[in-house]
Amino acid sequence: MRKINLYLFLFFIVPISQVYAQLAPLTVEKIMRDPKWMGTAPSNYRWSADSRYLYFDWNPNNKNESEVFRWDVKKQQYEPSTDSIADRDIAPNYVFNQDASLKAYERNGDLYLVKPKSKSEIQLTETLERESLLGFLANNDLVFVRNENLYALNLSTMQLKQLSNFVKGQVPGKGSGLSEQDNWLKKDQEELFDVFKDKPKENNRKPTKTLKPQYIGDGILAGWSINPNGKQINYRLVYPAKGNRNTIVPDFITRSGYVEDLNMRTKVGNALTQYRSFLYQLDRDTVLEIKSAGISGIQDLPAYLSDYPERLAKLQESNKDRAVNWGVTSWSPDEKYGVITAKSQDNKDFWILQVDPSNGKLTVLDRQHDDAWISGPGIGRDVRWINGHTFYFQSEASGYSHLYTYDLLNNEKKQLTSGNWEVQSVQLSKDKKSFYLSGNKEHPGITHFYRLNVVGGELTQITQMKGGNEVTLSPDEKWLAINYSSMNKPWELYMQPNNPKVAAKQVTKSTSAEFDSYAWREPDMVKFKNRHGDDVYARVYPTKNPHPNKPAVVFVHGAGYLQNVHYWWSQYFREYMFNNMLADHGYTVIDIDYTASSGYGRNHRTGIYRHMGGKDLTDQVDGVNYLVENYGVNPANVGIYGGSYGGFITLMALFTEADKFKSGAALRSVTDWAHYNHGYTANILNTPVEDPIAFKRSSPIYFAEGLKGNLLMLHGMVDVNVQFQDIVRLNQRLIELGKDNWDLAVYPVEDHGFVTASSWTDEYKRIFKLFERTLKD
């Protein structure tokens, strides 16, 4: 009875969230349940074509599946809706003719025409084949793709004209692929038997009109565009890599009761897909290949080859062009200009090139080079046009991804934004007088939505809330649907007029009463200098009741190039809650945006080039030193954990910084980068054959003898990303080294991202027990 009275008393004198937190402390079992217990945030925002309604998916009543809701701009309220209503109303991906008097769109593989003034709509095609819309020609003919060929539809006469005749295979009689023996037999047959000597009889019929076939061999058509004058088609052929070996992932828990093999990806350094680009001149019925030969820097060799002088000498002597991946030509609305992009397959260069339609010759307009690798927000994409002679693009030339324009009338490149921040996304306004862009100008961990004149000038900040502002602009550009969250509150829908002076209004409330009953922390946002003099941002979860041993835990986010130190809700929400739980149990927790994390510009992004486990690891050590100096933790009682890239860093920490970390939990971790995929790894480490130095100093398996502390490894057996073979190979290495202070937990039904709550719970119970056992004793 006395306990009941005490609880009633507490309800009156302290906030209710604190009472619930005391009555229901966090446990692994609670926080690792199906996330529906927290409440389900709204998602998938899409506007109706008339900007009257915003549709979104939401599950406020915790049903099995989310439902469709719509926000009524006029009534300023939401109501349940349906997919069918949303599909009817949402704005299609329109293409417009030059004066915007016509617009067309594709739906379910058929084409529709809309006349905005009369608001009339016509279905143009109803076929079993799929028509893919390309756009309007200058004469208002509508161009589309059907069965990998281009067609033009005259909207006045409805006459359909085939523009191309791409044919798979080789030119007849050329490149038959027959062996010398089979060619001899074929020729002998034709000479021996009269039946093969007969010639077709001539007739007096009028020759049938034909379109010259363009044979594409064994290439695959993958991207095309047409000049608005209707005279040039640019198309790209892709040639899949040959001779590669795929990895095999065994699936042990199957309905059949048999082990079933999953045929998966190749490994870094295997043969690459090749690209070729062609210009088809319709008026001359001629195909020209667009070639990279002669463009500036095409024969430049990567700087890292200075570590391999013999190979460098051979490559300098061979004097070969580097292979490139081609974009698709973007034609100016006034028909005069064509601009194509190309990226070197060694990832060091990205070119923006003007195409001469008469001969396919190229002129370099912009070259972005990085001795590490080209990347960054919005970089590496085909260009987009503002008017008939000016296009826009993004570049990291200044060290941060910023917005540029290029005017082909005077060959002038102009930088529109600048500073130590990143432009993260860009869209052009309907009237083409302004850009709308998202960026982290205020703080690396805060995103806002801005307006900028197309000629540059001052940015106008439209959103005002501190945190993450993900904006979906209405078609009429009068409303902002804002997906917003803060550090300790998940995403919710807010609405705001497109006016910086009007505050956003919250529309949804998604979190459950149980979730709200705990006082989730706003971590301390801190910044420290690492040993290289660079600013490093971190979140710190201080404990109010530190354990006498004053332990600390470092959480390492995954993906490498990802941002987790910010003012919005973490995509690592389970780890966020686990870090709160650790703080409740007397640990101080730090979460660092280590070198290579996104949001901080090129130097931060490429700081791990040729050495993963270098600056990204020493940043963790420097972060621990910061905790020792500013939060009073005991440097002898520090643990570390993380998944994927975070698991890799955990292994490197236990193997190469053994005196700094007493224990660590490595989840789904890369143990040897030579066994990971090409697209991610080759950017950072090149390839194992070309740059073995980089791979051997970056892979934990080569440093396993350094293990001193307590290591727990956890891995899904059906992981098709960081495959189970990775952890098995490391286990064998630890066995051979005679190490005995390690454990492995395997999860037979889990891929890279765990799905089942029981696996999540088991995983984090083990991690918590590791820290309790090793950091508090």
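Here is a quick look at a cavity, a hairpin and a helix pair in this structure.

The model is predicted, so local features need pLDDT of at least 70 and side-chain atom pairs pLDDT 80 or more, while totals for chains, interfaces and linings use all residues. Residues are numbered from 1 along each chain as its sequence is written, and side-chain values use heavy atoms, without hydrogens or water.

Let's start inside. There is one cavity of 30 Å³ or more (on a 1 Å grid over the protein atoms alone, a set of points where a 1.4 Å probe fits but cannot get out; lining residues have an atom within 4 Å of a point). The volume of the largest cavity is about 140 Å³. Among the residues lining the largest cavity are Phe350, Arg381, Asp382 and Tyr392. Strand β27 gives the largest share of that lining, three residues, and β24 (349–355) also supplies at least two.

Next, the hairpin. Strands β3 and β4 run antiparallel, joined by four bridges (pairing takes at least two DSSP bridges). Arg70 sits opposite Glu79 in β4. Between the strands lie four residues, and Gln76 has a positive phi near 55°.

Finally, the helices. The axes of α10 and α11 come within 10 Å and cross at roughly 70°, so the two are roughly perpendicular (65 to 115 degrees). In their contact (heavy atoms within 4.5 Å), α10 brings Asp616, Leu617 and Gln620, and α11 brings residues including Tyr645 and Phe648.

Notes
On a 1 Å grid over the protein atoms alone, a cavity is a set of points where a 1.4 Å probe fits but cannot get out, and a pocket is an open set with protein on both sides within 12 Å along at least five of seven lines; lining residues have an atom within 4 Å of a point. Grid points are joined across faces, edges and corners, and a volume is the space filled by probe spheres set on the points. Axes are lines fitted to C-alpha atoms, for helices over the stretch in contact, and angles run from 0 to 180 degrees between N-to-C directions. Angles under 35 degrees count as roughly parallel, over 145 as roughly antiparallel, 65 to 115 as roughly perpendicular and the rest as oblique.
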